[in-house]
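Good morning, and thank you for coming.

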Amino acid sequence: DGLGHRGFAWHSPPQVALVVKKWGCSEASSALRRVVESLLARGIEVWLDGADPCVGASGQTAQLFPDVPRFNGAQEQQRAMVDFIVTVGGDGTLLRTAGYFQDDSVPMPPVVSFSFGSLGFLTPFQFDEHESPDQVLDSVLAARPETGGINCTLRSRIRCELIDEEGVVHITRLALNECVLAQNGARPIVRVDCLVDGQHVTQIQGDGVILSTPTGSSAYNTAAGGGLVAPSV
């Protein structure tokens with residue numbers, strides 16, 4: 001099925017890295033500085049999250065790296081140029097980053113996730129004052145077919161479309177966690193018909209429906225009584 005743990009290697013050296021940090025966190029800002037300096041020292045062009053208030057014109061990070069380009073997720077050309085991403089934060093930071101890549105024509109680049117949040121299901125590398133990002137980044141940059149590459153986890157995203165009765169698609173979203181169909185405001189429960197590949201499976205009655213990916217099964221799905229699902233499913 002192509003998902004789960006797989007080997008990863010660069011067939012050509014990576015050139016551009018997008019670095020995204022947790023918003024409103026001074027510790028993450030300090031860690032971001034170390035990551036950016038480490039990447040620049042290794043000849044990698046770094047882009048910062050242009051939507052981050054701290055990276056804005058008057059933000060603290062902007063003063064530290066005034067010449068580092070800002071990433072705009074709305075520009076397809078920029079998205080296509082990113083070779084890999086480094087996140088410094090929690091799972092929410094990674095999920096927000098995934099939201100920048102909503103175009104089927106531009107796949108989500110590989111992500112190196114450093115943990116700085118309260119939850120870390122998706123952030124395997126702990127980043128604290130006793131640990132340098134250099135060793136992790138060196139192993140990622142050195143991943144070549146002749147050296148056997150490195151291990152990575154492939155995760156699926158769910159494609160959600162809002163289609164009217166005439167078949168017109170009004171909204172399309174790619175979600176790493178889940179798609180939620182819920183009522184707006186206090187209304188009676190609804191009945192939702194669930195079809196898979198055009199075949200009716202069941203009818204669901206309640207306040208709404210959560211369509212979860214394996215990644216999202218650890219969040220609202222579990223809270224609603226669902227089970228954990230391995231990323232390889």
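First, the basis of what I present. This is a predicted model, in which local features need pLDDT of at least 70 and side-chain atom pairs count only at pLDDT 80 or more, while totals for chains, interfaces and linings use all residues. Residues are numbered from 1 along each chain as its sequence is written, and side-chain values use heavy atoms, with hydrogens and water left out.

The protein chain has 6 helices and 14 strands; these are DSSP runs, numbered from the N terminus, with helices (H or I) of at least four residues and strands (E) of at least two. Along the principal axes, its C-alpha atoms fill a box of roughly 55 × 45 × 35 Å. Of the 233 residues, 35% are buried. Here buried means under 20% relative accessible area, exposed over 50%, and partly exposed in between, with a 1.4 Å probe and protein chains only. Contact means heavy atoms within 4.5 Å. Among contacts between residues at least 6 apart in sequence, 63% join residues at least 24 apart.

Let me turn to the interior. In soluble globular proteins, nonpolar side chains tend to be buried together. A nonpolar core is a set of buried Ala, Val, Leu, Ile, Met, Phe, Trp, Tyr and Cys residues joined through side-chain atoms within 4.5 Å. The largest such core has 27 residues, and those with the most contacts inside it are Val 19, Leu 39, Leu 48, Phe 84 and Val 86. At least two residues of this core come from each of β2 (16-21), α1 (26-41), β3 (45-49), β5 (84-89), β6 (111-115) and α5 (134-141). Which element gives the largest share of this core? It is α1, with 6 residues. A second, separate core has 10 residues, including Val 20, Trp 47, Tyr 100 and Val 106.

Next, the aromatic rings. Rings of Phe, Tyr and Trp (its six-membered ring) pair if their centres lie within 6.5 Å; planes under 30 degrees apart count as stacked, over 60 as edge-to-face and the rest as tilted. By this rule there are 5 aromatic pairs. Phe 71 and Phe 101 have ring centres 5.9 Å apart and planes at 20°, so this pair is stacked. Phe 71 lies in strand β4 (residues 70-71) and Phe 101 in the loop between α4 (91-98) and β6, so the pair ties together parts that are 30 residues apart in sequence. Both count as buried: Phe 71 has a relative accessible area of 3%, and Phe 101 is at 0%. Ring pairs also link Trp 47, Phe 71, Tyr 100 and Phe 101 into a cluster.

Arg 79, in helix α3 (residues 76-81), touches Phe 71, Tyr 100 and Phe 101, among others. Arg 79 counts as buried because its relative accessibility is 8%.

Finally, the surface. Accessible areas come from the Shrake-Rupley method with a 1.4 Å probe; for residues, only the protein chains shown count as cover. The accessible surface of the chain comes to about 13400 Å², of which 52% belongs to carbon and sulfur atoms. Leu 154, in strand β8 (residues 150-154), is partly exposed, with a relative accessible area of 35%. Leu 154 and His 5 are 149 residues apart in sequence, and 6.3 Å apart in space, C-alpha to C-alpha.

Note on methods:
Lists of a residue's contacts leave out its neighbours within four places in sequence.
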